[in-house]
Amino acid sequence: MRVVSQSVVPRDITDEFTVAASRLKTGQLVKDEYFTLFEAVGALEIMDSKMDSGYLGPGENRAQALEDDYDLTRELAPDEVLGVMDGLLCYEMAWHMGHPLSQTLFTSLYLDKLLWPVPKTLDEAHFFRGRLATNKEDPAMIHLVLRAYCLALVKCCDFVHARVATEYYFEEEDFVTQLYNRTLLSQFEPEPFYDLLNRAISWIDEQKGKIEENVREAIRTRLLIRREFLLALEQDIEVIETRSREHFLVCLSQFDHLTKSASLGKDVSDSFSLKIQRKLASTVPPRPMVKINFDDALAHLKRLCQDAVDLQEIIDYHGPYNLKVTIWTLLSRKPQPSVYIRSLVQTLIVNNMTILGAVPVKQFLYDELAELVLPSSILLQANIDEIEVPSDPRFQIAKQMDAFVKRFSQPFVDTFRSACLNRCRIRRTVCHTIADWDNLQMEAEDLDEQLRTLSNEPPLMLANGDATYSYPLSSWAYHHKLNQFRLILQLGFELSIYAPEELPGMYWYLSHICSTHLGHIDRVRTFTVATAKRNLTDMAAKKRGALERHAALQKSLRLLERLTTQIVAIDAFAISLHALYVLLARHHVLPTASSAQAYSSDRLRYEIRMKPFLQITLPELVPYDEYHREAMLEGDSDETVLERATKAISEARKAWEATLANGAFMPEFDDEANTAPAIEEDWKRDVKDTMRACIGASIAIETVKKSLKSNANSAQSKDPANASSVNLRVIIPEAGSKARWHDWWIVPQVSQATVGPKT
Amino acid sequence: MDENKAVQYLDSLIGRTLRVHATDTRIFVGTFKCTDAARNVILASTYEYRLPSPSAVRDAATGAEDPAAGSAVDAQNIKVNMTSRFIGLVVVPGQHITKIELEETPQQIRTREALKK
């Protein structure tokens, strides 16, 4: 509401204004010096039907500008109540999917009556507002059942709105938080809503025999689901304490009934009206209602409930590596979990500097370092609170490490949180953070050098006699940076960013990054092995803590081994696809997106793909000429390239099998039971899909091999016309299509062309 | 009024709150930002006011006994609030403007009167 002091007096200046304006020359403006024409373009034009949401069309009666003929107090038949409920559910889910309230729920005349003017008490929010009390008894079907359902639905939206708005999301891309100066009943405690629902449910129970049984049951189911859904949403992040998934499970158990009774409701479409947009505080032009069908709405709600149930598997903390696997696997589900789930996961990951409501951020970062680069190191054990002598190196170490935690914990936690964005945004975000990690790595290197002298780290002697040090913190940062390199490339495949002609080069680049990463992990391993060797002598001498150190070192070595297997698997598959695509490109059967006259060229495309990596110091950018040589396998004969593809794909299959056998999670103890069965299932499916893609690639390679062979044969015979072109048809399967076994692995479908060769 | 004076006058209104009445009886109240020869007016942070609907008037008239109705009633006169909503930055085309009013505080009125003398 606009605040106006009472004493303001309006003065008619129409004439002066009109005269003054008429003196201006055409095109001359009088304007606020800070007001730009660019801003003016965004102004809504009044009296323009496309821009002005308050505009009345020529046929529209001014008296009915804001009013609909629909009578909210009229009695509704049970099947009509059912129809309104299902209509509302569709709009509710459309809102969850990212459409604004003005085009969805806020088109309901029933909701409008409840929410505007803003009710001061919950009792005030009813459909008979502003009417005189009549002697007639209020119809219970509407006043009790429908009202309870509507109010609870709005309260559900309130919880969803509150959660999403506190987390990181993209307005109008993931979700629209705009409320148009209304409230979602956030001023009221949730308890009375349950009372209303329970009263409605017991009233419906009493109607047994009075209204048609299947309609009665259907209404009852909807009230029940609404109650459970509200309870579940009210629980929100409390789930960390309660660990209860009961409410979501009850919702899920009712879905069959919901689906079956979908046809019983009678559509009451005139209880929804676009006219309400004329009353909403809105700075955008009028927009049409968003209609989604009931099946899609149900599917969305069902997925939300299922994701919410499985989300509980994230909460038990089993170290940073396992946490990352659970989060990535859950959020990579197709279709991607809804924005509410993604927001909830963000809050669970970190809230008040605590991970999963249990682990302080510092501990989390230390766990990560211990897992990868610093098993049982003095660096992680030094504690400033225990050593108070500033001259003690441990005091110095603790001070340095605290500085490290301060600087690195946020970017580190963000590598987890970024998974909660939508897929396009994940890639964009990582393209930005990778540059930060480059800087972080350099800072970590400085810290490493200072810590090395403080901790008296023994150097490792190289074969050529040079001494080298472990640089644990920068090694760790580099590991994360390389992970991000890989993610950018793989999400590039998933998001269909690369044109077919770029695929040979991009898979080469992926394998290039993988081999760099493998080399880096080898380096880390060398130092861990050296430490383990030194520790063996300590063990033999039965030194204090040697046994624990041994266990920690072994655990870290196991993780490094596991990472190696995974990256080898990715590397081998990438090498094989690279070789396959090189052959297809060489024989001109690879489809191209750009036409022959296009301005784009390989060099320009390479430049644009490398843009996120330009400012990265390590790994160094591959110069175009070198890239071109490597990516096109220049100088290698077809046979050599084929050999390479065949060898690599069989290695890839083995490595992926080994990855699958290793399982999704790092066991903390040998006999540990798996605590995330549903997420592990998803993870397995993902690996199996990759293996299917491997098989697809082997078949494609075989087809190319045969074709090249017969080509070579016909070249030897006297048919030179055929020798120049292989007779293959290549299709690049779209992301999401059935032939695309895995989003990250674009395996071409290669087949003998049905049309005979040119004769 | 010559051109200089006209520009000076309009310039003096920039940043003030105007009430612009449109041909369809709506009133737009916002901060004056820009105008041109066609008298198109750009207002920022605008609220749209609309005359109350006939049914709201009827309800207010018959709801005399109902204290919760939120309208003041005395004898034949009833008072019903105009409905308003925020719509932000708008341009009201000159041909749709029926009346322009300037909001003034008593202080501003006094200053203006003093300047006149």
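Within the largest nonpolar core, which comprises 186 residues, the members that touch the most other members are Cys150(A), Leu151(A), Ala152(A), Val345(A) and Leu580(A). The greatest contribution to this core comes from helix H21 of chain A (residues 546-586), which gives 19 residues. The model is a predicted one. Chain A contains 26 helices and 10 strands, and 38% of its 759 residues count as buried.

**Nonpolar cores**

- Cys150(A), one of the residues that touch the most other members of the largest core, is in contact with Leu88(A), Tyr110(A), Leu111(A) and Leu114(A), when neighbours within four places in sequence are left aside.
- In soluble globular proteins, nonpolar side chains tend to be buried together.

**Overall dimensions and contacts of chain A**

- Taken along the principal axes, the box filled by the C-alpha atoms of chain A is roughly 100 × 85 × 75 Å.
- Considering contacts in chain A between residues at least 6 apart in sequence, 77% join residues at least 24 apart.

**Domains of chain A**

- The domain assignment divides out domain 1, residues 78-310, and domain 2, residues 354-497.
- The centres of domain 1 and domain 2 of chain A, taken over C-alpha atoms, are separated by 46 Å.
- Contact between these domains of chain A involves 4 residues of domain 1 and 4 residues of domain 2.
- On the side of domain 1 of chain A that touches domain 2 of chain A, 2 residues are nonpolar, 2 are charged and no residue is polar.

**Helix H9 of chain A**

- Helix H9 of chain A spans residues 246-253, and His247(A), Phe248(A) and Cys251(A) are buried within this helix.
- An α-helix has 3.6 residues a turn, so residues three or four places apart point the same way.
- Helix H7 (213-235) and helix H11 (294-310) of chain A are among the elements that cover the buried residues of H9(A).

Key
Residues are numbered from 1 along each chain as its sequence is written. Chains are lettered from A and ligands numbered from 1 in the order in which they are written. This is a predicted model: local features need pLDDT of at least 70, side-chain atom pairs count only at pLDDT 80 or more; totals for chains, interfaces and linings use all residues. Helices (H or I, at least four residues) and strands (E, at least two) are DSSP runs, numbered from the N terminus. A residue is buried if 20 or more other C-beta atoms lie within 10 Å of its own, exposed if 12 or fewer, and partly exposed in between; C-beta atoms are placed from the backbone. Two residues are in contact if their C-beta atoms, placed from the backbone, lie within 7 Å. Domain bounds come from an automatic or database domain assignment. Ala, Val, Leu, Ile, Met, Phe, Trp, Tyr, Cys and Pro count as nonpolar, Asp, Glu, Lys and Arg as charged, and the others, Gly among them, as polar. A nonpolar core is a set of buried Ala, Val, Leu, Ile, Met, Phe, Trp, Tyr and Cys residues joined through C-beta atoms within 7 Å.
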